[in-house]
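Biologist: Thanks for sitting down with me. Could we go through this structure together, one question at a time?

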Amino acid sequence: MTARKRAPSNAEIARALRELSLLLEMDGVQFKPRAYEKAALAIESRAGSVAELDEAGGWRALDRVPGVGKGIAGKIEELLASGHIGELDELRAKYPIDLLALTDVEGVGAKAAKAFYESLGVRNLEELEAAARAGRLREIPRFGAKSEAKILQALEIVRQSRGRVLLGSVLPLAREIESRLGAAKFVDSVAVAGSIRRRKETIGDLDFLVASSAPARVMELFVAQPDVTQVLAQGETKAMVRLANGLQADLRVIPKESFGAALAYFTGSKAHNVSLRKIAQAKGLKLNEYGLFRGERAIAGRTEKELYAALGLELVPPELREDAGEIEAALAGELPELVAYGSLRGDLQLQSHWSDGTSSIEELARAARELGLEYVAITDHTRDLVLARGCDEKRLLEQKAEIARLQPRLRGIRVLSGAEVNIREDGSLDIDDETLAQLDVVGASIHSYFHQSRADATRRVIRAIENPNVDILFHPTARSIGKRAPVDFDVDAVIAAAARTGTVLEIDAMPDRLDLRDQHVRKAVTAGVKLAIDSDAHQPSHLRFADELGVAVARRGWARASDVINTLPVAKFQACLKDARGRARDRARA
DNA sequence: GCCGTTTTCGGCCCGACTGTTTTCAGTCG
């Protein structure tokens, strides 16, 4: 067993501050909880390491982080120096419960957790579930049978995602480990395999594959990484470790000539591999992680391309390997040419500090240009979202004028005016048509009434997209992975309506949204509905999600570049929206 | 505990809605 001293990551510091915030709230302290929560958010979304910042400049440097003052800077220093925060330990002793897990359940906050603990002794998710099943939550004031049922439903969603983490939260670490291994002289090639390579929306563990003639040295390097908290197993060609984020990471070392076969084998999915082996079997061949064999002789396995070709298949992109028709398409030579990473030219959903974003329009535009984008739409929240400082008609038009003033200073990137209008309970919008008609890009989305009946929700969404001014349906189902179920509408009916009205459906690339999800993207593509892949950025560091995660979801949904409207150059993109609005108006008049 | 073009005190994105009950916690971004 290895235990190494390492500086806490920003995420770990944020987690401690967030727990402190919740415990203070539970303790009835005023205002401090919000301050700690704000500081946690700021630290979590910071690009640079806070631990390094402290090392370089101490609390004075920490104090300059927005939301962090003298007090919280002191707490962070305490954590970095000793691994503990005294006040946090004291509060944990007072309330010995898994508060972070409990408040992750939709409908449970600090106050509810306190009531559950003090009245029923509930300390963790298991005890909460037991209490809810026994019908004991309704004994607590202000809780009844309905809230009990809602909590059980929310627990089910949490349970389904237990032990899995969001793709977006592990991808950077996976790449870091990959490049660390790849930098070693004795490593010939390295790859991330498993569900990360397939870009599944949640990840259960990390799989690494290395080709090397010095496996022992690779093993040593792998288990000695600073992120490793525990070595679970270490043999000659295989190691398993526990990482600081709680996930397990596995490494296999393979001889060069088997790398392609092993990569295919460890990328999966299981169902895809079973189908490949059946094809091999039918040809009198044997397929395993070491290669494709006729009798004892290996006939392919050095690369995946060689392996698939030997089986009579086109190379199947990892994102499609779910045994969902890709084998048949590859046999027939009819795999689609998927939208490529790096092919987005625009980003159509950005929130600035005009509503709940943290950056100015100019900062967002410059950051987008840095990423190589040619245009962005500023789509701040609107009237109904009071907490997000939603804009009314007047502010939206002021912002449009502001964008026009800024544009000459922003060379190399076109900024479009827009809005993320709220779809109300009945499908009406919270901004008038006259104003919407003046904006370049109008997205509409759901932010409330998540629990309507299927019929009501379907009618609501279709009514919204039938408005000729609505160009795009933003984050269509409003789900939050591992937290909130998607709004229950008839997806096929909404896709059919989008095809009829020329409405674009969005793939919102925020790590916990990924909405539309892969299967629904595929339905939309089949129906000929256009997609937009957007970051939903609230700060510059979010912009990269569009390419990193959004394009991945589109690829998993079999989308080509021609299906994605923001792969178009800005003039063609705008012509496309204008054309759709024109036809929608004609239809509305008819 | 943080913050300041109302700057060293006194505010704290602060409205509608749900579920549960007569005063409030939680949710929406």
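Biologist: Helix H3 (residues 50-63) has 14 residues, so how far apart are its end C-alpha atoms?

Modeller: Happy to start there, and keep in mind that this is a predicted model. At 1.5 Å a residue, a straight helix would reach 20 Å. H3 falls short of that, with its end C-alpha atoms only 11 Å apart.

Biologist: What covers the buried residues of H3?

Modeller: Those buried residues are Val 50, Asp 54 and Leu 62. Their cover includes helix H1 (10-26), H2 and H4.

Biologist: Which helices each supply at least two residues of the surface near DNA strand B?

Modeller: Around DNA strand B there are 38 residues, and Gly 69, Gly 71, Gly 109, Lys 111 and Gly 144 are the closest. By type, the surface divides into 18 nonpolar, ten polar and ten charged residues. The helices that each give at least two are H2 (32-44), H4 (70-82), H7 (110-120) and H9 (145-160).

Biologist: Why does Glu 322 count as partly exposed?

Modeller: Glu 322 sits in the loop between helix H15 (304-310) and helix H16 (326-331). Leaving out residues up to four places away in sequence, Glu 322 touches Ser 269, Ala 271 and His 272. A buried residue would need 20 or more neighbours. Glu 322 counts as partly exposed because its C-beta neighbours inside 10 Å number 18.

Notes:
Residues numbered from 1 in each chain as written. Chains lettered and ligands numbered in written order. Predicted model: local features only at pLDDT ≥ 70, side-chain atom pairs only at ≥ 80, totals over all residues. Near = placed C-beta within 6 Å. Helix = DSSP H or I, 4+ residues; strand = E, 2+ residues; numbered from the N terminus. Nonpolar A, V, L, I, M, F, W, Y, C, P; charged D, E, K, R; others polar. Expected span 1.5 Å × (residues − 1). Buried ≥ 20, exposed ≤ 12 C-beta atoms within 10 Å, placed from the backbone. Contact = placed C-beta atoms within 7 Å.
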